Amino acid sequence: MPLYRSINLLHFHSPKTRSFGNCSASQFINHNQVIPVPYAVTSLPLSLSQPPKFGRERFRPITASVTPTQSPITASSSFRGKNPKEINVLVLGSTGYIGKFVVKELVSRGFNVIAIARERSGIKGRNSKEDTLTELNGANVWFSDVTNLDVLEKSLENLGLPIDVVVSCLASRSGGVKDSWKIDYQATKNSLVAGRNRGASHFVLLSAICVQKPLLEFQRAKLKFEAELMKEAEEDDGFTYSIVRPTAFFKSLGGQVELVKDGKPYVMFGDGKLCACKPISEQDLASFIADCMLEEDKINQILPIGGPGKALTPLEQGELLFRLAGREPKFLKVPIGIMDFAIGLLDFLVKIFPSLEDAAEFGKIGRYYAAESMLLLDPETGEYSAEKTPSYGKDTLEEFFDRVLREGMAGQELGEQTIF
């Protein structure tokens, strides 16, 4: 699930539900090409139990064994002393918005990348296996099912290689209740178990900065896995992790570019100053994740990360967009109470019509991103802090807006993840 849904036009898209109308704001070098070897497996259904309750003590370890069920293959725990071409990196979520950039970045740095993908990937499964092989050129692509541990382990067994590092870029596509627990928790845990069984001694998790204040199901699911990942490292000195919590993605803030370009008003909640973010580009985030392979200062750390420059409110984002478009600023201010009313109504209706569960959750997601900043939550003050949110990279939101105004949003679709 994208980490920040710029408060743009609200379109709740889900395989089950669509609701709501308006909300506001908002070469690679192939050093070490490995011949793609597809491995096709039939997707099997995953049976999930009821999502567990999750309390607010987010860093308290949650007991759940990830002990290998069979004798694990041993990979050298001293992989950090190897050349990148000798380090086997397993990437899950490799065809996702961030995952595909992570694969390209790791390949460009010379790592031996093993990318796990679905037989039909992309938005609504529109990409074929051939499309995936082309997109992930330079990686060893294997087709499997991350939601089924047995299938995933069989795929890795057929691969026949030990794993040094696992990188999980898995995220729920819809943010729905069941899908969040299926992907953000269970599938991600499957990647940990399968990787450990193949000798992995380091795990890089792409999480989200918004889990600091968990009010949504996908946040609770991510936090549960984070806790289990940290517990695993506590119990095994030879195992380490890096948890990456990025802020906003550029494309999440681009939903109103075409509207502004066409002379329509920029929509925002309240006065447009309810929240702020330090957005980061996909390329810069992929580079930061790749840094987590070998840099020792990122071992066993939770790593919030944003892009360069100052934090921007929706109002400032709109002003920037109007300036670049050469148009007079026009804003449509929407009272945040409208979202509260809609959520209250949906919460009532879901008691009568359980099938509206995801619609109610999507409403809460919209409300969350309308009012909560994607910045570091300072534990000392309980307030979001732009100054304490680390910056990384060189790409700026202004450059992104300027490019989208000229070239459009092609290739930037959120698909089922679209909320604004």
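1. The side chains of Glu295 and Lys298 form a salt bridge, with an N to O distance of 2.5 Å; a salt bridge is counted when a side-chain nitrogen of Lys or Arg lies within 4 Å of a carboxyl oxygen of Asp or Glu. Burial is judged by relative accessible area: buried is under 20%, exposed is over 50%, and partly exposed is in between (1.4 Å probe, protein chains only). Glu295 counts as partly exposed because its relative accessibility is 31%, whereas Lys298 is buried, with a relative accessible area of 10%.

2. Residues are numbered from 1 along each chain as its sequence is written, and side-chain values use heavy atoms, with hydrogens and water left out.

3. On confidence, the mean pLDDT of the chain is 82, and 78% of its residues reach 70 or more; pLDDT is the predictor's confidence in each residue, from 0 to 100. Over residues 1-72 the pLDDT is below 50, although this stretch has 234 contacts in the model beyond near neighbours in sequence. A contact means heavy atoms within 4.5 Å. Where pLDDT is low, the predicted coordinates should not be read in detail.

4. The largest nonpolar core has 36 residues, and those with the most contacts inside it are Val89, Leu106, Val167, Leu285 and Ile289. A nonpolar core here is a set of buried Ala, Val, Leu, Ile, Met, Phe, Trp, Tyr and Cys residues joined through side-chain atoms within 4.5 Å. Among the elements that each supply at least two residues to this core are strand E1 (88-92), helix H1 (99-108), strand E4 (165-168) and helix H7 (282-291). Helices (H or I, at least four residues) and strands (E, at least two) are DSSP runs, numbered from the N terminus. Ile289 touches Ile98, Val102, Val167, Val204, Leu206 and Val244, leaving aside residues up to four places away in sequence. A second, separate core of 30 residues includes Ala248, Val257, Leu321 and Leu405.

5. Strand E4 has parallel partners in E1 and in E5. E1 and E4 pair in the parallel sense over four bridges, and Leu92 stands opposite Ser168 of E4. Four bridges likewise join E4 to the parallel strand E5, where Phe203 is the bridge partner of Val166. Strands are taken to pair if DSSP finds at least two bridges between them.

6. Which residues of E4 point one way, and which the other? Val165 and Val167 point one way from the strand, Val166 and Ser168 point the other way, and all are buried. In a regular strand the side chains alternate between the two faces of the sheet.

7. E4, helix H4 (residues 177-197) and E5 make a right-handed β-α-β unit. The crossover is called right-handed if, with the strands pointing away from the viewer, the path from the first strand over the helix to the second runs clockwise.

8. Helix H1 is mostly covered, with eight of its 10 residues buried. Those buried residues are Gly99, Lys100, Phe101, Val102, Val103, Leu106, Val107 and Ser108, and their cover includes E1, E2, helix H2 (129-135), E4 and H7. Gly110, which follows H1, has a positive phi, near 95 degrees.

9. Gly99, found in H1, is buried, with a relative accessible area of 1%. Gly99 touches Gly93, Ser94 and Cys169, not counting residues up to four places away in sequence. The C-alpha atoms of Gly99 and Ala171 are separated by 9.9 Å, the two residues being 72 residues apart along the chain.

10. The structure holds 24 salt bridges. In one of them, the side chains of Asp184 and Lys222 meet at 2.9 Å, N to O. This pair links distant parts of the chain, Asp184 in H4 and Lys222 in helix H5 (residues 217-235), 38 residues apart. Both residues, Asp184 and Lys222, are buried.

11. A further salt bridge joins the side chains of Asp340 and Arg367 (2.6 Å, N to O). Asp340 lies in helix H9 (residues 337-352) and Arg367 in helix H10 (residues 357-371), 27 residues apart. Asp340 is partly exposed at 38% relative accessibility, and Arg367 is partly exposed at 25%. Elsewhere, Glu105, Arg109 and Asp291 are linked in a network of salt bridges.

Technical notes
This is a predicted model: local features need pLDDT of at least 70, side-chain atom pairs count only at pLDDT 80 or more; totals for chains, interfaces and linings use all residues.
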